[in-house]
Amino acid sequence: LSSIGQATLTRSRLETLVKDLDLYPEWRQSTAMEIVIERMRSEITFRSTDRDVFVLGFTAQDPHVAHAVATRLTSLFLEENARDRGQRAEATRHFLDAQLAEVRKKLDEQEQQVEAYKARYPGQLPSQLALNLQELNSAQLTLRSLLESVSRDDGQRLSLQLELAAADAVVPSTGLAGGTSAGDSPASDQAGGEGDLESARAKLRALELRLTPAHPDVQRMRRVIARLEQQQAADQAAMAGGATTSSTLRRRDPLRSRAIQGQIETLNRRIATSQEEARRLRANIDEYSRRIDGTPVREAGLATLSRDYEDTKKLYSSLTARQQEASMASNLESKAIGDRFRIIEPAQLPEKPISQSRKGSLIIGLLAALGLSVGLAAMVEFRDSSMRTDADITVSLRLPVLATIPDLNGTAPVRSR
């Protein structure tokens with residue numbers, strides 16, 4: 001109210017009002033306009049009765065002039081209030097637009113920083129930790145199952161290799177008796193059986209170092225060794241009996257050897273594929289482990305960027321809401337439907353003066369001054385106790401006066417002889 005009142009009672013507005021209503025004609029002819037404006041300001045009443053309620057008035061000798069000036073001042077005040085509210089709403093809107101553009105630019109920059117950080121460290125983000133743990137566990141289970149499959153295939157391949165060696169060595173012959181060569185002699189058969197048995201035992205010892213005794217590969221290798229031991233014992237018994245009949249002669253079986261060789265090649269290819277897959281799984285396990293180990297560091301860096309981004313995002317949302325409110329307020333003010341001051345009681349034509357006229361006040365003042373002066377003189381004379389004549393002495397002291405001494409320094413002429 002104070003700022004709007006000061007803006008309303010400026011010299012330019014009051015000077016226009018003085019000229020339009022022809023106020024103070026005598027003063028305008030004899031004095032400067034500045035003095036006229038100051039007198040008019042002194043006769044304007046502006047007081048606040050409540051937080052949002054105020055009273056505006058004007059004092060003049062002519063009631064019609066007082067009514068006209070009060071009405072014009074009320075209109076000026078309402079116009080100034082509307083103009084001030086519109087300017088403030090527009091200024092607020094422009095300020096919020098500038099702030100919103102600045103915050104939007106900062107928000108875009110921070111968003112690009114977050115996206116660049118995520119692109120720089122793929123797979124190591126906190127949101128991907130659960131997926132990395134799941135993939136690591138799955139890769140470890142797959143690798144374990146694959147290694148077990150390779151171990152089984154390796155054991156089966158070893159069994160086939162031993163079986164191939166046995167098939168290539170000797171088989172029972174159903175042909176007629178004949179001569180034997182050095183490679184098919186019982187001595188060479190015994191040497192081949194002993195070599196296969198030693199190889200099988202070495203394989204069993206290697207398996208027992210990696211697997212438990214109840215493992216299927218260990219059990220299978222033990223059965224192979226038992227069969228080789230039985231075969232070796234039978235060969236030794238045949239050699240000890242000196243049997244040389246056609247029923248004990250032995251020869252190679254190429255068909256069975258080729259079948260076993262085909263199975264071994266199939267196992268070799270499957271084992272090679274499994275080993276390649278195992279190497280790939282180990283590389284994946286190492287990669288997932290590296291990602292999981294780097295997640296805490298990336299989480300700290302991303303938390304800093306995300307915290308700044310969220311703070312800026314909240315500020316942007318707040319400014320957006322305030323910018324919308326400012327735009328709505330500006331539109332309401334421009335359409336003159338905003339929250340404005342309204343006139344509760346318009347200026348009324350005065351029916352009686354609020355004080356006496358100046359001439360009557362002047363006469364009353366003169367009479368009061370005359371009476372006061374007479375009263376003061378009487379009081380001073382009454383309180384004066386000095387004696388100035390011989391009569392005063394006679395009355396006051398009740399004694400006769402014998403002689404008086406005239407005032408020699410007075411204005412009376414002095415006679416000289």
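# Salt bridges, a helix face and a surface patch

Me: Is Asp20 buried, exposed or partly exposed?
Reply: Asp20 is partly exposed, with a relative accessible area of 49%. Cut-offs with a 1.4 Å probe, protein chains only: buried is under 20% relative accessible area, exposed is over 50%, and partly exposed is in between.

Me: What kind of model is this?
Reply: A predicted one, where local features need pLDDT of at least 70, side-chain atom pairs count only at pLDDT 80 or more, and totals for chains, interfaces and linings use all residues. Residues are numbered from 1 along each chain as its sequence is written, and side-chain values use heavy atoms, with hydrogens and water left out.

Me: OK, back to Asp20. What does its side chain meet in a salt bridge?
Reply: Arg72, at 3.4 Å from N to O. The pair links distant parts of the chain, with Arg72 in helix α5 and Asp20 in helix α2, 52 residues apart. A salt bridge here is a side-chain nitrogen of Lys or Arg within 4 Å of a carboxyl oxygen of Asp or Glu. Helices are DSSP runs (H or I, at least four residues), numbered from the N terminus.

Me: And how exposed is Arg72?
Reply: Partly exposed, at 31% relative accessible area.

Me: How many salt bridges does the structure hold?
Reply: Twelve. One of them joins Glu15 to Lys19, with the closest N and O atoms 3.3 Å apart. Both residues lie in α2 (residues 11-21), four residues apart, about one turn of the helix. Another pairs Asp22 with Arg28, at 2.2 Å between the closest N and O atoms.

Me: Which residues do shared partners join into one network?
Reply: Arg11, Glu15, Lys19 and Glu34, through salt bridges.

Me: Switching to α4. Which of its residues are buried?
Reply: Met33, Val36, Ile37, Arg39 and Met40, in a helix that spans residues 33-42. Seen down the axis of α4, these fall within an arc of 160°, so they line one face of the helix. That arc is taken from the directions from the helix axis to the C-beta atoms.

Me: What sits over the ring of Tyr121?
Reply: The charged end of Arg298, 3.7 Å from the ring centre. To count, NZ of Lys or CZ of Arg must be within 6 Å of the ring centre and within 35 degrees of the ring normal.

Me: Last one: which residues form the nonpolar patch on the surface?
Reply: Met387, Ile393, Leu397, Leu399 and Val401, with about 420 Å² of accessible area together (Shrake-Rupley method, 1.4 Å probe). Patch residues have over 30% relative accessible area and no salt bridge, with nonpolar side chains joined within 5 Å and like charges within 9 Å. Leu399 is in the segment after α11 (390-397).

How values were computed. Helices (H or I, at least four residues) and strands (E, at least two) are DSSP runs, numbered from the N terminus.
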